[in-house]
Amino acid sequence: MTSLTFDPDQHAGIVALEQRRRLYSMLTIVVLVIILVAGYTQAESMNSGGFMKGMSQFFDYPGDVIEEAWAVGWAFWGIVWRFVPALVETLNIAATATILGGVFAAVFAFLSTRNLDVWPPLIPVSRRMMDIMRAFPELVLALFLIFVLGASSVPAVIAIAFHTVGALGKLFSEVNENIDRRPVEGLQAVGANWPKRMRFGVLPQVLPNYFSYFLLRFEINVRAAAILGYVGAGGLGAELLRTIGWGKGQETAALLLLLFASITIIDQVSGMIRRSLATGTLSGRRMMA
Amino acid sequence: MSTPTFDRDALLAAHPRAVTHVARGSLVALVSLVLVFTYLIYAVFAFDIPRLIATAEPQRAVLLVTDSVAHKVHVTKSLRRPEFEVAVEGERTATYTPDTYPAWVRADDDAETVDVDLGDGYVVHIVGDHVTLETPDDGTIDVQVIETGVTIGYSGEKPDWVREGMNVTTGHLVKFDARPTIDKRIQITRSKIEIHRYFTGWEHFFFPFNSPLHGLSAGEVAGLAVSEERLDPARSNAALIFETFWNNPEWQHGHIFKALLETVLMGVLGTFTAALVGLPLAFAAAHTFNRFGVIRFALRRLFDFLRGIDMLIWSLIFIRAFGLGPLTGALAIAFTDTGTLGKLFSEALENIDRKQIEGVSATGANRWQRYRYGVIPQILPVFVSQGLYYLESNMRSATVIGALGAGGIGLVLVETIRTSRDWENTLYIIILTILLVVAMDGLSSWLRRRLIRGG
């Protein structure tokens, strides 16, 4: 057996390419390191508490909370039970917002996909609208609506739903773009009108993927709903703000436990459902908040 | 050509399974729709929408919108003390001196008689404690301030834009409040007469009222910047102009810029840290690269734990330990997303193509070279595109974490809304926040296209 040899002169082009690539990689890594070092130095100087001091206190707060919860003993589970309605409220915010957002996202996605025979001028319009909705930070809309509507869950629902239309709409339209056109053409050949072509030719192809993205978005929205509660929109977040303000460690611990448990359970269950739905093309990777 | 005909019975006889399949699908769809609809009806009651509609304050939205695109000038005459003031937004630092009153306000030296022209034919004459309001369509309205409050006389019908305030215990009229159009308002009580006139635009956006640069045109400012003659002997004119703008007490450009920088730092540092810590952990959690099942299991649970704690809880813990600042937000993002990205990367690593690694090892490559040329090129696109997606999304998260108390633009936004005084400032911050998010979105999708196509 002869060993492979490599003659640099013979492959000058490849060597040059490889060297340039190496240079780019090195440059990227250097830039990344500079950003990280400079960024952390800057962040450290802007922070009110320093990094070292913070690290030493890192476990103090969780420690205190757990200690106070431990001191309560079995009654702790009673406290947990008392906060279940707050959890239900947060889940309701997320579910309603995901449903409303998902419905509008589906409509927008159908109007923004080229291969679904919609009126062409509509396509760029609905795409730009989705971009705007996606870019709009939930916090801004929620704070505005809390000011107008008063502190309740509805501002959070509207804010999350608005963002969901943009985020899900984009993913849905990508699903639409990858459909097999043949069923649609077949239906057209037997004289089916547009709604029928969509109902029997497109929906059966896209619904499993839609549902999978929908579940993933629901996970993200549960987290968002909890956070928006903290700025005034009810549910777990609002309770958390209250108990932290009043310094009731055992109640804080109960709320944190509920939040952690529900997020983990939703995460695992939706992951299982998505895996069972999954076809080769589908993954949660393109999903973003 | 004959049109195809549809005979259900014939079709059912020929393809029974196809027909029942479609029918079953329709039934499932119908049942799901009914369930979702029922849930939404439940939600209407769970959120108590009827009460919400009853207590909503839509006029606040109008107020917010008007106030955020306009500013008002207050003309105030105190009836208790001999005081008369014309000031932008009623602020002490933005008070006109008697020789610089705007043209629509005329007052004699002791402000005994004052004429205010509100535009569109509405003119207010003040003589001592007597006010006459001339209107184009509703005649004149006379208001006399007396010991117990005010007396009001109309030359015609009482217009519907006038509200009279009554002291319910004594039955005396104590307040006159007229808002004929959205940009004019006259309020009279026993203690003072206050007239507001609104103007479109943001006032003092560049330079504060009491600075020497106020009221200069852009050309004049540019001329000053290059002129040798110093307004302030201690500084060059360009520095003076910049510092006056930057430290504008009302708009606080410098303060807001710093807050934006903090938010960017949170998002960028948090995402980069998560990606760089997540990658090696992902190798150790992928069965293709790690034979020790225990370690893999432990790392997977660690990822789940980091994700399950959620950004909200991490933020609260870090705010307690590290106080206000970008470091707090960066670490909260980094902790949560180390779990998310670690999980994604390890899934990507488990799905890579073994053939490429085998090809590289067939050339006699060592372990490091196999990783470098067999694995990294395969997962780099996933790494880059996921990292950038999370960078985008974390810019939004950073504003929210800021609002929880970590600082940055989120906190500034919450504070200006809570004080709800200057809505134009709020709108300014909202616009900057959206611009920041959109700019980061654009940057990240540009980078993604460049890196993935080019790489």
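**View 1. Polar contacts between chain B and chain A.** In this predicted model, 12 residue pairs, both at pLDDT 80 or more, are in polar contact between chain B and chain A. A polar contact is a pair of N or O atoms within 3.5 Å; within protein, one must be able to donate a hydrogen and the other to accept it, and residues adjacent in sequence count only if both atoms are side-chain atoms. Helix α8 of chain B, residues 293-322, gives the most to the side that touches chain A, with 16 residues. Helices (H or I, at least four residues) and strands (E, at least two) are DSSP runs, numbered from the N terminus. By class, this side of chain B has 54 nonpolar, 15 polar and 14 charged residues. Ala, Val, Leu, Ile, Met, Phe, Trp, Tyr, Cys and Pro count as nonpolar, Asp, Glu, Lys and Arg as charged, and the others, Gly among them, as polar.

Because the model is predicted, local features need pLDDT of at least 70 and side-chain atom pairs count only at pLDDT 80 or more, while totals for chains, interfaces and linings use all residues. Residues are numbered from 1 along each chain as its sequence is written, chains are lettered from A and ligands numbered from 1 in the order in which they are written, and side-chain values use heavy atoms, with hydrogens and water left out.

**View 2. The extent of the interface of chain B and chain A.** Here 83 residues of chain B are in contact with 72 residues of chain A. Contact means heavy atoms within 4.5 Å. About 6700 Å² is buried between the two chains, and carbon and sulfur atoms give 70% of that area. Buried area is the accessible area (1.4 Å probe) that two parts lose on being put together, summed over both.

View 3. The whole structure holds 28 salt bridges over all chains. Four of these cross the interface of chain B and chain A. A salt bridge is a side-chain nitrogen of Lys or Arg within 4 Å of a carboxyl oxygen of Asp or Glu. R134(A) pairs with E392(B) in a salt bridge, with the closest N and O atoms 3.9 Å apart. Within chain A, E18(A) and R22(A) form a salt bridge at 3.6 Å, N to O. These two residues are separated by about one helical turn because they sit four residues apart in helix α1 (residues 12-46) of chain A.

**View 4. L40(B) and its contacts in chain A.** L40(B) belongs to helix α2 of chain B, residues 16-46. Neighbours within four places in sequence aside, L40(B) is in contact with T96(A), I99(A) and L100(A). A259(B) is 219 residues from L40(B) along the chain, and their C-alpha atoms are separated by 39 Å.

**View 5. T132(B) in its strand.** Strand β6 of chain B, residues 130-134, contains T132(B). Beyond neighbours within four places in sequence, T132(B) is in contact with V123(B), V124(B), H125(B), T140(B), I141(B) and D142(B).

**View 6. Domains and annotated spans.** Chain B is divided into domain 1 (1-56), domain 2 (70-200) and domain 3 (253-454). Domain bounds come from an automatic or database domain assignment. The C-alpha centres of domain 1 and domain 3 of chain B lie 40 Å apart. Chain A has domain 1 (9-38) and domain 2 (75-286), with 41 Å between their C-alpha centres. The unreviewed UniProt entry annotates "transmembrane region" on chain A at several spans, including residues 91-111. UniProt positions are given in the numbering used here, feature names are shortened, and annotations may be inferred rather than shown by experiment. Residues 91-111 of chain A are 100% helix and 0% strand, with end C-alpha atoms 30 Å apart.
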